[in-house]
Structure formats: C-alpha cells, structure tokens
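Q: Hi! I've got a structure open and would like to talk it through. Could you help me read it?

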Amino acid sequence: MAADSIFDEMYGLDGTIRSPYDGIAEWLAATGPATFATKREQADLLFQRIGITFTVYGNSAGTERLIPFDIIPRILTKPEWRILERGLFQRVRALQMFLADIYHGQEIIRAGIVPAAHVLRNTLYRPEMKDVDVPGGVYVHIAGIDVVRVREGEFHVLEDNLRTPSGVSYMLENRAVMMRLFPHLFTDNRVAPIDHYPSLLLRQLRSVVPPGAPDNPTVAVMTPGPYNSAYFEHAFLAEEMGVELVEGQDLFVRDDALWMRTTEGPRRIDVLYRRLDDDCIDPLAFNPDCQLGVPGLLSVYRNGGVTLANAIGTGIADDKSTYPYVPDIIRFYLGEEPILNNVQTFRCGRPDDRAYVLDHIADLVVKETQGSGGYGMLIGPKSTKEEQDRFRRLISDDPDGYIAQPTLALSTCPTFVEEGIAPRHVDLRPFVLTGRDGMAVVPGGLTRVALGRGSLVVNSSQGGGTKDTWVLED
Amino acid sequence: MLSRTAEQLYWTGRYMERAENLARILDVTERLAVQGRQRDQGASEWHAALDILCAEQAYNARYGDVGEAGVVTFLTLDRENPSSIYSCIRTARENARALRSNISSEMWESINTSWLAIRDMTDTDLQTQGLREFLDWIKVRSHLFRGASYTTALHDDGFAFTRLGTFLERADSTTRLLDSKFHLLADSGTDPAANYYEWGAILRAVGAFRAYHQLYHDVITPIRVAELLILNPQMPRSLRFCFDHVSDFLETLCAGRRLECERMAGEFCAQLRYGRIERIEARGLHDVLMEVLDHVAGLSAQISRDFMMTV
C-alpha cells in the first residue's frame with residue numbers, strides 16, 4: 001500500500017497539522033533534540049526505578065524488560081472520543097448479552113444467527129457455566145477493546161479482549177511519567193484525567209458481590225505470581241485499590257466459601273478479580289497440571305459463594321472465530337447498527353473464504369483464532385515464501401483454527417526512533433468497566449506503537465512500545 | 001494481612017539487614033587485618049570472617065586458599081554465594097517485587113535502585129571504587145531502606161513484620177561477631193594498646209566507638225564492649241535493644257492473643273533487662289552467646305508457626 005494513503009494522527013492524509021496536535025507541533029518545534037534525548041533517558045530511568053517491567057516468555061526464565069515508552073502523545077478530540085465511547089459501550093453490552101444468552105436460553109442459536117456447532121463445540125465454551133446466574137448479570141467486568149483508525153472519523157475494532165485484558169497500568173503510568181517530565185504540556189493542553197481508573201474499578205467490583213455478602217465486602221486481586229508477564233500490573237492495581245494481592249497458595253475453599261490465609265487466621269473473599277486464565281483457576285475442574293489456582297473454586301463460584309471477575313467462560317465471546325459474528329450479535333440483541341465497524345474477516349472454516357485466503361495469503365494477515373499477544377500470526381506482505389507455505393499447510397490442516405483479514409492501513413503517529421521523529425503505526429486499547437448499575441470508561445486507553453518502520457505488530461511481547469493517550473476537553 | 005505477605009516482609013527486613021551486617025563484618029575484618037600486629041593475623045582475620053558466617057566450607061569448595069581477595073569477592077559480589085551482599089540484595093529485591101502492593105513506593109524504589117546498581121557491578125568496579133567506599137555505600141542503602149520504611153509506610157502489622165526481621169537478624173549478627181572476636185582476641189589479655197586497636201575496630205564497625213567513650217569515659221576493655229553490645233538498652237545494635245523491640249512488635253502483633261512467640265520473646269527480654277555482665281562472664285561468654293543464637297532461631301521458627309501457618 002502506498003505510504004500517502006495512510007492516515008497520520010498528526011498530519012492526517014494531506015500533511016497539514018490536524019488541530020488537536022497544534023500544541024504538540026509547537027512543542028516539538030520549540031524543543032531541541034538534546035532536551036528530548038535527556039527527557040527520554042529520564043523516562044527510561046523512571047520506568048526502570050519504579051519497576052514498570054514485563055517478563056518476556058521464551059527468553060531465559062524471568063527476564064524483565066522495559067516496554068519502550070514514546071514521549072510524543074497520541075491525541076483524540078472529545079467528539080472522536082464520544083463516538084468511540086458510544087461504540088464501545090454498545091459492543092460490550094451486546095457481548096455481555098451474548099454470554100448470558102449462550103449460557104442460558106441460547107436464543108441467538110435458535111434464531112440461526114450464530115451456528116450451534118460454533119458455540120457448543122468450541123473449547124472456550126464452558127458447559128460448567130450453563131444456567132449459572134452471575135451477580136448483576138455481569139460476565140465481563142473488565143474489557144479491553146483493540147481499536148484502530150484508518151481515516152478521519154473512521155475507527156475499526158480489531159479484537160475484543162474479554163478474559164484478562166492487560167495494559168491499563170501502562171496507560172496510568174505513562175500519564176504519570178508524562179506529567180512528571182513535561183508538566184507544562186498539561187497546563188497548555190486541556191487533557192481529560194484518567195487517574196481515577198482504579199477507584200472506578202473498585203466501585204464496579206464491589207457492586208457485583210454475591211448475595212448475602214457483608215456491607216463492606218472483601219475484594220482481592222489474584223495473580224499467577226511474580227514471574228507472570230503482567231505481574232507489575234497486578235500489584236499496581238491491588239495497591240491502587242488498597243486490596244490484597246493474592247496467589248493460589250494464599251487461598252483455600254471451605255464451607256462453600258473462598259478464604260485467604262492471614263496472620264490472624266482465615267478471612268473470607270467476596271469478589272476475586274482474577275488475572276488467571278479459566279484453565280488455571282481450579283485444578284479439580286480444569287487443567288489439573290496447573291497448580292496456580294484453587295482446588296474447589298469452581299464449585300464455590302457456581303453456588304454463588306464468590307464473584308469472579310471476569311466470569312468463567314467469557315473466552316467464547318472474544319475468540320477470533322466469534323469476532324466476525326459480532327456485528328450481527330449487536331443487531332440481534334440491541335436492534336441497533338454497530339457504531340464501530342469490524343475489520344473484514346475471512347473465516348477459513350468456510351470453503352469460499354478458505355479458497356480466497358489460500359490464493360491471496362501474501363496480501364492478508366492470518367491469525368490463529370485462539371492465539372493472543374501477537375504469537376502465531378502471519379503478516380502476508382512481510383512474510384517469506386516459506387512462512388506462507390507453512391501457514392497454507394496449517395490452514396488446510398485446521399481450517400476452523402484460522403481467520404484472515406486484509407492488511408489494514410493502521411494510522412500512524414509521530415514517534416521517536418533512531419532516525420529521529422518518524423511515523424509509526426498505532427492502535428488503541430480502551431478499558432471498559434461494567435458493574436451492576438452500568439458501564440464506565442476513562443477517556444483514552446493504552447496506545448501501542450509498532451516501533452519498526454512499516455511494522456504493524458504493536459504487541460509488547462513483539463517489541464511494540466506505548467504512548468500516553470490524550471483526550472482533549474472541548 | 002496475608003500470611004505470605006507477612007513472611008515476605010519479614011525476610012525483606014532480614015535480608016536488607018544481613019547485607020548491612022555483612023558490610024560491617026567485612027569492615028571490621030579489613031580494619032583488623034590491616035593493623036594486625038603479628039604477620040599471620042591478617043590471614044586469621046579473613047578466616048574469622050568466614051567463620052562468623054559459617055561459610056568456610058562453601059568458600060573452600062570454590063576458592064581454596066583463604067585470603068583478602070577471595071573472601072572479599074565471596075562475601076560481596078559472588079553471584080553463586082547465597083549469603084553474599086549481592087545475593088542478599090537480590091533476594092530482598094525479589095521479595096519486595098512480590099510485595100509491590102504492600103510496601104510504599106519509596107521503600108520499593110530504594111531497594112530496586114540498590115539492586116540496579118549492584119546488578120552489573122564487577123570485581124574491577126569494586127576495586128576501582130575501593131572496598132571501604134563500597135561497604136559505606138551498602139550501609140547507606142540499608143539506612144535509606146530503613147528510613148523509607150519508618151517515614152513512608154503505615155506503622156501497621158506489615159511494618160512490625162519488617163522490623164522483626166531486622167532486629168532478629170541484627171541480634172544474630174551482633175552475637176556472632178562478639179563470639180568470634182572474643183575467641184580470636186582472647187590472648188590480647190590486658191594490653192591496653194592492643195585492646196584499643198582491636199576492640200576499637202569492632203566498635204567502629206558497629207558504629208559504637210563514640211558511644212563507648214560517652215558511656216564509659218575510660219579505656220576500651222573487652223568485657224565492657226561485651227556489656228555495651230549485650231546489655232545496653234540505648235545502643236541500637238545491642239542484644240537488649242534488639243529484643244526490647246522484638247518484644248514490643250510481637251506484643252502489637254499478638255494484640256491480646258496469647259501466642260507462644262510473645263512469651264518466648266518476653267522471657268528472653270527479661271533476662272537481658274535484669275542481666276549483669278559479671279554473671280554472664282562467670283557462666284562463660286561463649287556458652288551464653290551460643291544460647292542467644294539458639295534463641296533467635298527458635299523465636300524465628302515460632303513466629304512462623306504463630307503467624308504464617310495459621311490455617
């Protein structure tokens with residue numbers, strides 16, 4: 001695709017500065033390269049000292065790395081944000097209804113919108129959750145929706161993350177570091193605040209206590225442990241909310257309740273914000289080889305002794321093979337047209353789509369339906385003949401396991417790289433919170449940036465970086 | 001609080017204190033080795049440093065001959081030695097990382113900054129910097145962590161567990177240091193000059209040189225050094241001082257519950273409070289100090305039973 005057809009967040013399509021970036025453009029012009037170099041070093045030191053690191057898998061065990069932070073913010077206007085917010089709420093609301101439905105009456109299947117086999121034969125569908133009523137009817141308390149922009153006012157949803165989405169701590173720390181390094185930027189630009197995210201999260205979690213819980217319920221964050229890639233975030237959220245950060249070894253099940261071991265004996269937990277996959281949460285019910293969870297937790301949960309956030313079994317709604325159905329899911333439950341578009345998606349399980357994908361693999365992005373974090377995908381235009389052949393074989397062996405999408409012209413944003421300031425592709429992950437009484441989102445989200453020239457892979461596990469994200473007040 | 005958190009706080013306190021104590025032991029060893037009157041005293045001081053830490057075997061297996069260069073490396077930057085200063089900071093930092101949500105950000109940053117500085121340090125860096133400089137730096141890092149704990153953390157149960165770790169580790173270290181030096185310097189007898197240099201070095205290493213003179217206004221004698229480091233209630237590295245605090249923190253933690261650890265600490269505290277150095281000398285200093293070590297170990301185990309294995 002030609003470079004000039006790519007929308008730039010700062011320069012649009014025609015190279016003139018878009019008005020939300022006026023302040024930043026001035027600042028970039030007025031600040032010398034030496035100052036930027038110093039500030040970037042300071043930012044790295046700050047992240048290093050605060051310990052905002054993530055662990056890289058497949059590397060030597062427990063390698064901590066910094067996520068590269070770029071000091072040029074990504075900016076959205078209030079009107080743009082209003083559209084995004086409405087679209088996000090609409091999408092998440094519909095996905096909640098979808099989950100409630102497939103675990104109860106399954107009307108969407110009977111209506112023929114989503115095939116029964118697609119849901120019931122999917123390993124992410126948890127029969128254990130059938131007819132379980134979750135508190136407040138909320139399945140997805142925290143959703144991270146990956147959005148990309150292709151043009152002025154045109155946003156697409158690339159992916160839904162409805163299991164244990166991560167990245168919100170980077171969103172918050174990026175802002176804290178920016179405010180520390182460049183305080184005057186925040187007096188010159190009216191940037192909507194985001195620091196109240198943890199208090200919103202706590203409020204939403206406390207709203208979904210199980211029946212019979214005390215007035216002052218106990219909330220805890222559950223982590224797989226310090227060697228998990230997102231451990232910093234788990235600790236950060238527990239600290240910001242002022243709740244305990246627990247591991248499986250701290251918990252046990254007794255008398256149809258979940259307890260944590262404290263210095264003064266057992267204490268009951270009412271709401272568990274768990275950052276563990278379904279598979280690992282209870283070795284008696286799911287994967288017996290995973291020892292990070294709590295034996296018997298599923299049974300306590302099913303009997304209403306504790307609330308899990310997110311609910312068990314939400315993976316069926318964010319699976320990449322479900323993604324193509326989401327616009328119809330929105331129409332079915334809400335009777336509305338989707339505000340945010342999907343990206344055109346070919347399902348390799350359909351013969352016509354598969355034939356097209358196999359013929360055009362060099363122009364497409366191929367993804368494993370159950371993969372995440374940028375692992376297990378092929379970027380056609382950037383791939384070698386061998387990689388293309390390998391994916392052709394993978395698709396032919398397991399057509400249902402793959403989808404493909406056209407390579408999108410993700411928007412770019414000016415970014416500091418070795419050659420100076422250059423455009424790099426970005427996406428956006430806003431975090432949508434749902435409680436008993438409604439939904440909430442802080443303005444903005446986490447902007448991820450692909451640091452390689454022309455690269456479209458923004459995942460931090462694949463060398464992507466992050467930026468502070470601003471929503472300007474009117 | 002979570003039992004695991006209590007345990008990790010306790011060990012964070014212990015390991016930071018251990019790093020500082022190692023620095024102090026190296027400090028006194030180097031001072032004594034440099035001013036040794038007999039030609040072989042230098043070597044015996046480096047032996048003693050290993051002996052204090054019960055580390056001679058581990059040392060011999062990897063280094064062979066005991067000498068300054070080997071012992072300094074072994075006790076400071078050796079990545080493989082689990083009791084080196086490097087390993088203590090690494091362990092304290094790993095614990096602190098797991099505790100992120102339970103300690104103040106300034107406590108975490110003080111530990112993490114220490115770790116980032118020592119992480120890539122080489123023997124050459126250490127030589128360039130100078131041993132004494134390095135040891136002073138370690139002491140400062142420990143002071144900084146303690147200061148951050150005192151002034152930025154809630155003085156709640158978590159604080160009490162961190163401090164328990166600090167004081168038990170310190171009591172253990174003071175006991176070992178005293179015992180080793182009494183043994184090694186037994187033959188200096190009553191030579192005032194020898195006493196001044198040798199016991200003076202020990203007092204300096206534990207930061208008590210001035211305190212000694214303020215309290216006794218007299219020449220340095222071994223038995224008064226022992227009195228100061230065992231029975232003095234105002235000397236922060238004395239056993240009495242450590243156990244007064246251990247006892248207080250346990251009282252807070254027990255909050256009216258009758259737990260065995262509190263009784264044990266109280267009983268031992270009373271012995272120190274009403275003890276006399278002449279009686280201790282008559283019973284044999286070495287025997288008394290060995291009892292103290294047993295007591296520290298026993299109390300540590302009981303604290304674990306009372307708070308960390310509650311369910």
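Q: Which domains is chain A divided into?
A: Chain A has domain 1 (3–343 + 408–472) and domain 2 (346–406); such bounds come from an automatic or database domain assignment. This is a predicted model, where local features need pLDDT of at least 70 and side-chain atom pairs count only at pLDDT 80 or more, while totals for chains, interfaces and linings use all residues. Residues are numbered from 1 along each chain as its sequence is written, and chains are lettered from A and ligands numbered from 1 in the order in which they are written.

Q: How many residues of domain 1 of chain A are in contact with domain 2 of chain A?
A: Eleven residues of domain 1 of chain A touch eleven of domain 2 of chain A (contact: C-beta atoms, placed from the backbone, within 7 Å). The centres of these two domains, taken over C-alpha atoms, are 26 Å apart.

Q: New topic: where is B:Asp306?
A: B:Asp306 sits in helix α16 (residues 285–308) of chain B; helices are DSSP runs of H or I with at least four residues, strands are E runs of at least two, and both are numbered from the N terminus.

Q: What is B:Asp306 in contact with, leaving aside its neighbours within four places in sequence?
A: B:Asp306 then contacts B:Leu259, B:Glu260 and B:Cys261.

Q: How far is B:Asp306 from B:Asp136 in space?
A: They are 37 Å apart, C-alpha to C-alpha, and 170 residues apart in sequence.

Note on methods:
Two residues are in contact if their C-beta atoms, placed from the backbone, lie within 7 Å.
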